[in-house]
Each structure stands twice: as C-alpha cells, then as structure tokens.
Number of protein chains: 2
Amino acid sequence: MQSRTSVLIEGFARREGTERTGPCPVRDVLDRVSDKWSILLVVALAVRTRRFSALQRAVPDISKRMLTQTLRDLERDGLITRQVFPTKPPSVEYRLAPLGQSLLDPLASLMDWAGRRHAEISAARVRYDATGS
Amino acid sequence: MQSRTSVLIEGFARREGTERTGPCPVRDVLDRVSDKWSILLVVALAVRTRRFSALQRAVPDISKRMLTQTLRDLERDGLITRQVFPTKPPSVEYRLAPLGQSLLDPLASLMDWAGRRHAEISAARVRYDATGS
DNA sequence: CTGCATCCTCTAGGATACTG
DNA sequence: CAGTATCCTAGAGGATGCAG
C-alpha cells in the first residue's frame with residue numbers, strides 16, 4: 001500500500017518549480033492543524049459537547065484569550081458550531097460540526113502513530129544527545 | 001468504524017483530572033508534527049533523498065537557519081538520517097529513516113483530508129466572514 | 001557547499017482587569 | 001458565565017556575514 005501515499009506526496013510536491021498561484025491549499029489547511037490548540041480542542045469536543053468553562057478545564061494550560069480565539073477560528077472554518085443559550089447567566093455550548101467529525105479519523109491515525117512511536121523517538125533523542133555532548 | 005478513534009480519544013483525554021506525571025507523550029510528539037517546517041521537509045524527503053541546497057529549493061520560503069535547525073531536530077528524533085560526503089566542497093545528503101517513513105501513512109491521511117475538505121473549509125470561511133461583517 | 005553565530009524584528013500568546 | 005480589551009514578554013524566525 002504505497003499508492004495513496006505517493007499520489008498525495010506528488011500532489012504536495014507539485015509546487016516545486018511552479019510559480020505559486022496562491023498559497024498551497026494543503027499547507028493552508030495544515031496550518032490550522034498545526035495550530036497549538038486546535039487539535040486539543042477538537043479532541044476535547046470529540047469526547048462530548050462542552051461549554052466554554054468546561055473546555056478550559058479540559059485543556060488546563062490554555063488561556064481564556066487563546067481559548068476564545070481558537071474557538072472562533074474553528075467555528076469560522078466550519079469545524080465546530082457554537083450555540084448560545086440566553087439563560088441568566090448565559091451559557092454557550094460548543095460541539096463538533098460534521099466537518100470536524102470528519103477530521104477525527106485522520107487525527108486518530110496520527111495520534112496512533114504518536115503513541116506507537118513515542119518510545120522509539122525518545123530513545124533516538126537520548127542517543128543523539130549522548131553522542132553530541 | 002468508531003472503535004479505534006474513540007479508544008485513542010479516550011487515551012488522549014485521560015489526562016483530565018489526573019495530575020500530569022510529565023508532559024503527555026502524544027502531545028510531545030504532536031508538537032513536532034505541528035512544527036511549521038517539519039512536515040514539509042519530511043514530505044520533501046519522501047519524494048527522494050536530497051542535499052541541503054536541494055531542500056532549500058524544495059521548500060523555497062524556509063531560511064537557512066530554520067532549515068538547519070529543523071533538520072537537526074528531525075535527525076535527533078530519528079526521523080531522518082544525515083550522511084556527509086567529504087568531497088570538496090563537501091556535500092551532505094538527507095534521507096528519510098524508517099521511522100520517518102512510518103510517518104508517511106498517517107501524514108497521507110491528513111493530507112488526503114486536507115485536500116478533500118479544503119473547498120468546504122474555504123466556503124465556511126467566506127460564509128462566516130460575510131455574516132460577521 | 002554546508003552551516004554556525006549574531007543581531008534584530010515581530011508576533012503568538014500569557015496575565016490581568018473589566019463588561020453584558 | 002462568557003467573553004473583550006489592554007498590556008507586555010519570550011521566543012520563533014528572518015537577514016546577514018563568516019568559516020571549514
């Protein structure tokens with residue numbers, strides 16, 4: 001099973017030599033994925049729908065500022081939806097949109113890789129640092 | 001097929017409420033993936049083995065500084081290997097290590113997603129911006 | 001050619017305080 | 001509770017020049 005991989009890589013590499021007609025769409029999307037908090041929030045919302053403060057508890061080391069901003073970005077991209085309940089005090093629920101759901105599978109394969117290869121990577125680091133020092 | 005996804009998400013979410021015994025391994029690895037240049041270089045090296053200057057041409061908007069640094073990090077993590085040829089002037093070849101190869105599949109599924117959903121995301125953005133303005 | 005070292009800029013992002 | 005506004009710092013990262 002090399003076909004899918006190579007096709008995608010070719011598509012990704014096609015930029016080489018071609019004058020950019022605008023930013024590469026794949027890179028554009030990957031930029032969002034490689035955002036520091038986006039993945040964390042998507043995963044947090046994959047577990048269940050959550051409110052603002054619940055998200056802050058789920059991802060403890062995010063600041064309110066970044067939480068708000070990242071949620072806005074994800075909403076703008078159609079990955080999550082935001083529903084306001086005009087109670088008193090108001091509450092807001094965030095949930096994964098279908099588009100966000102569709103991201104879970106690729107994300108899972110990445111996290112799966114991370115989990116399986118983590119030990120190997122740590123070992124490589126130790127080895128490298130030992131040699132270098 | 002929800003099993004694999006949900007298992008991983010649970011593993012990822014398990015941190016909640018647990019005092020951290022150190023940084024989450026998955027997050028640790030994802031930090032590398034979400035590095036601005038790492039993925040680009042891995043993909044560039046997936047196509048073929050390349051030398052330093054060739055990599056700079058493959059990823060035109062990377063600076064020498066960042067190229068060197070990212071290559072070191074990838075080498076340290078065991079994702080790529082570096083081979084020096086003591087010619088005159090010297091040349092250095094970078095190639096994907098097996099560990100790096102193993103990343104291509106998860107990466108492909110992400111890029112596949114990006115490619116397929118990009119239009120949808122762009123549309124969502126336009127819609128969001130239109131409403132907001 | 002490869003790649004450090006230096007300097008300098010710019011912005012992501014944290015802390016804090018305030019509002020509907 | 002769910003944000004917004006302001007301020008401010010650390011670190012990412014570009015440009016340049018030198019060296020092996």
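Let me start with Leu55 of chain A and what surrounds it. Setting aside residues within four places in sequence, Leu55(A) is in contact with Leu41(A), Ala44(A), Leu45(A), Arg50(A), Leu67(A), Leu71(A) and Tyr94(A). Please keep in mind that this is a predicted model.

Where does Leu55(A) sit in the chain? Its place is in helix α4 of chain A, which covers residues 52-58. One of its contacts is Leu45(A). Leu45(A) and Leu55(A) are ten residues apart along the chain, and their C-alpha atoms are separated by 8.2 Å.

Is Leu55(A) buried or exposed? The cut-off for buried is under 20% relative accessible area. Leu55(A) has 0% relative accessibility, so it counts as buried.

Now the other chain. Again without residues up to four places away in sequence, Leu55(B) touches Leu41(B), Ala44(B), Leu45(B), Arg50(B), Leu67(B), Leu71(B) and Tyr94(B). Both leucines also turn up in the largest nonpolar core, which has 68 residues. Within that core, Leu55(A), Ile80(A), Leu55(B) and Ile80(B) touch the most other members.

A few words on chain A as a whole. Chain A has six helices and three strands. Starting at the N terminus, the order is α-α-α-β-α-α-β-β-α. Chain A has 133 residues, and 44% of them count as buried. If you take the contacts in chain A between residues at least 6 apart in sequence, 39% join residues at least 24 apart.

Next, how the chains meet. On chain A, 57 residues are in contact with 57 residues of chain B. The two chains bury about 5700 Å² between them, with 66% of that on carbon and sulfur atoms. Arg76(A), Trp113(A) and Arg125(A) supply 13% of the area that chain A buries against chain B, more than any other three residues.

Last, one pair of helices across the two chains. Two packed helices are described by the angle between their axes and the distance between the axes. Helix α6 of chain A, residues 98-132, packs against helix α2 of chain B, residues 25-33, at an angle of about 90°, and the axes are 8 Å apart. Angles of 65 to 115 degrees count as roughly perpendicular, and α6(A) and α2(B) are therefore roughly perpendicular to each other. On α6(A), the residues making the contact include Trp113(A), His118(A) and Arg125(A), and on α2(B) they include Pro25(B), Asp28(B) and Arg32(B). The residues of this contact divide into ten nonpolar, one polar and three charged.

Note on methods. Residues are numbered from 1 along each chain as its sequence is written. Chains are lettered from A and ligands numbered from 1 in the order in which they are written. This is a predicted model: local features need pLDDT of at least 70, side-chain atom pairs count only at pLDDT 80 or more; totals for chains, interfaces and linings use all residues. Side-chain values use heavy atoms; hydrogens and water are left out. Helices (H or I, at least four residues) and strands (E, at least two) are DSSP runs, numbered from the N terminus. Buried means under 20% relative accessible area, exposed over 50%, partly exposed in between (1.4 Å probe, protein chains only). Contact means heavy atoms within 4.5 Å. A nonpolar core is a set of buried Ala, Val, Leu, Ile, Met, Phe, Trp, Tyr and Cys residues joined through side-chain atoms within 4.5 Å. Axes are lines fitted to C-alpha atoms, for helices over the stretch in contact, and angles run from 0 to 180 degrees between N-to-C directions. Angles under 35 degrees count as roughly parallel, over 145 as roughly antiparallel, 65 to 115 as roughly perpendicular and the rest as oblique. Ala, Val, Leu, Ile, Met, Phe, Trp, Tyr, Cys and Pro count as nonpolar, Asp, Glu, Lys and Arg as charged, and the others, Gly among them, as polar. Buried area is the accessible area (1.4 Å probe) that two parts lose on being put together, summed over both.
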